[in-house]
Amino acid sequence: MATTFDNTENIHAAQRPSHGVVSDKEDDNHSSQGSAKTEAVGEISQLEQQGTAHFKRLGWKRLTIVLIVEAIALGSLSMPAAFATLGMVAGVILTIGLGLIAIYTSYVVGQVKLKFPEVSHYADAGKLMFGKVGYEVVSVMFVLQLTFLVGSHCLTGTIAFLNITGNGACSLVFGVVSAIILLLVAIPPSFAEVAILGYVDFVSIIAAILITMIATGITRGEHAADVVASVPWSAWPVEDLTFSKAFVAITNIVFAYSFAVCQFSFMDEMHTPKDYVKSIWVLGIVEIIIYTLTGALIYTFVGQGVKSPALLSAGPLISKVAFGVALPVIFISGSINTTVVGRYIHGRVYKNSVVRFINTKKGWITWIALVTFITIIAWIIAEAIPFFSDLLSISSALFISGFTFYFPAIMWFMLIREGSIFEKKNLLKSVANLIIFIIGVVVLVGGTYSAIDDIILSYQAGKVRGAFTCAPFE
């Protein structure tokens, strides 16, 4: 039987057409092509797994550090001037009150992320609330807000270099130097990597603030035994306070609590997202303490003449030291905003491609090109609006009013609430979120008007330098 089987096979082979040999080669080619495709798919799958693992390393402690890096920076430097405008009583009440509201709204943002894990950035939450239109509108706000933040850090870097060098070069040059540093620090795309720099960042801003506090306290102490009585500080707002000046000060405090804008992005890298609550409580309490003490003490020591950023009030020599110590926080905190907006845009463009993980040649090239473009736009904003308080005020009014206040309030009503708003379990939260929504709208309208009005008045009075010039900052 075996012989018959072999012979039958031989006969069939002999009856095959002459091109049968070519068919065997084609089979080999198809086999090799299939193997190549399998290897390519396997390689992509491996890159996907590596990328996912790389961007899922954030624990709650590192998240706290990343939030501190993003949050406690320029906001603290504007606090004493805000206190000088609003008075000690209003300054303390607003700083603590807005801080507690920010903790609550950040909690709501986190609840949305837990309920809808597919939300990776704030724009995705906009889509949940208002569909495609909401997604696009919030996307624009998200990108502009973070770009404005990078611009404000670029402006602060310019002010720092001018102060340290005694106006040793054209301010445009220092602006470009600041932009380049922000770009270089923003190149690592993972927040877990940024968290490592966060420790340096936190030490930097605390040291700069302490140096300023101690220096201003000693200076006033040398002039009089009773420091408090010798400085013209007040518990109440300044006598000639205008609506615009008051709202610019308020929006500067609002700016200090802007961490919710990046929270979706940060939580998307957490390996245990539900732990976020620990992070926002730690951050919120630390922020409230730092901001209240910074605003109250430096205002007490310096009085109505306190400048913004506050480090300028430490005196010629000490301010140079303080700005030198603050350089890490200026650039590390600024660059993380570049990373967040870059991750959003890059992930949106390459949504269904392994390129989004930035672990391929194309991924790195497109990533570096993108963060470079974002940094250039931020530098243009910094040069076009060359005054610290008003730049923060515009950013707060247009964007942070939504990300920190009225958007989270809407999220609670539309995405988190269960049952009627009139049910006993929902009544208190309904009232609270309605108040928060109103606060956000008031900041949006009043803050935007005030910032624009203050900019116009400042230019008319000749209090600020022109845009895109070599002139130093006053």
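Is E136 buried, partly exposed or exposed? E136 counts as partly exposed, because its relative accessibility is 29%, where buried means under 20% relative accessible area, exposed means over 50%, and partly exposed lies in between (1.4 Å probe, protein chains only).

The structure is a predicted model, in which local features need pLDDT of at least 70 and side-chain atom pairs count only at pLDDT 80 or more, while totals for chains, interfaces and linings use all residues. Residues are numbered from 1 along each chain as its sequence is written, and side-chain values use heavy atoms, with hydrogens and water left out.

**Overall composition**

- The protein has 16 helices and zero strands; helices (H or I, at least four residues) and strands (E, at least two) are DSSP runs, numbered from the N terminus.
- The protein has 474 residues, of which 51% count as buried.
- Contact means heavy atoms within 4.5 Å. Among contacts between residues at least 6 apart in sequence, 85% join residues at least 24 apart.
- The accessible surface comes to about 20800 Å², and 68% of this surface belongs to carbon and sulfur atoms. Accessible areas come from the Shrake-Rupley method with a 1.4 Å probe; for residues, only the protein chains shown count as cover.

**Salt bridges**

- Side chains of opposite charge can pair when their charged atoms come close.
- The structure holds six salt bridges, each being a side-chain nitrogen of Lys or Arg within 4 Å of a carboxyl oxygen of Asp or Glu.
- One of them joins the side chains of D268 and K113 (2.7 Å, N to O). D268 is in the loop between α11 (263–267) and α12, whereas K113 is in helix α5 (residues 88–115), and the two are 155 residues apart. Both D268 and K113 are buried.
- Another salt bridge joins the side chains of E136 and R348 (2.7 Å, N to O). Because E136 lies in helix α6 and R348 in helix α13, this pair ties together parts that are 212 residues apart in sequence. R348 counts as partly exposed, at 35% relative accessibility.
- The side chains of R343 and E269 also meet in a salt bridge (2.5 Å, N to O). R343 lies in helix α13 and E269 in the loop between α11 and α12, so the pair connects parts 74 residues apart in sequence. Both R343 and E269 are buried.

**Cysteines**

- The whole structure contains one disulfide, a term for a pair of cysteine sulfur atoms within 2.5 Å.
- This disulfide joins C170 to C470 (S to S 1.9 Å). C170 is in the loop between α6 and α7 and C470 in the segment after α16 (424–460), 300 residues apart.
- The link of C170 and C470 is left-handed, with -85 degrees about the S-S bond.
- C470 counts as partly exposed at 44% relative accessibility. C154 is buried, with a relative accessible area of 2%, and C262 counts as buried at 0%.

**Helix α7**

- Helix α7 (residues 171–186) has 16 residues.
- The buried residues of α7 include F174, S178 and L182.
- The buried residues of α7 pack against α6 (122–165), α13 (316–349) and α14 (361–384).

**Residue T292**

- T292 is located in helix α12 (residues 276–302) and is buried, with a relative accessible area of 14%.
- Leaving aside neighbours within four places in sequence, T292 is in contact with F83, V92, T95 and I96.

Key:
Expected span 1.5 Å × (residues − 1).
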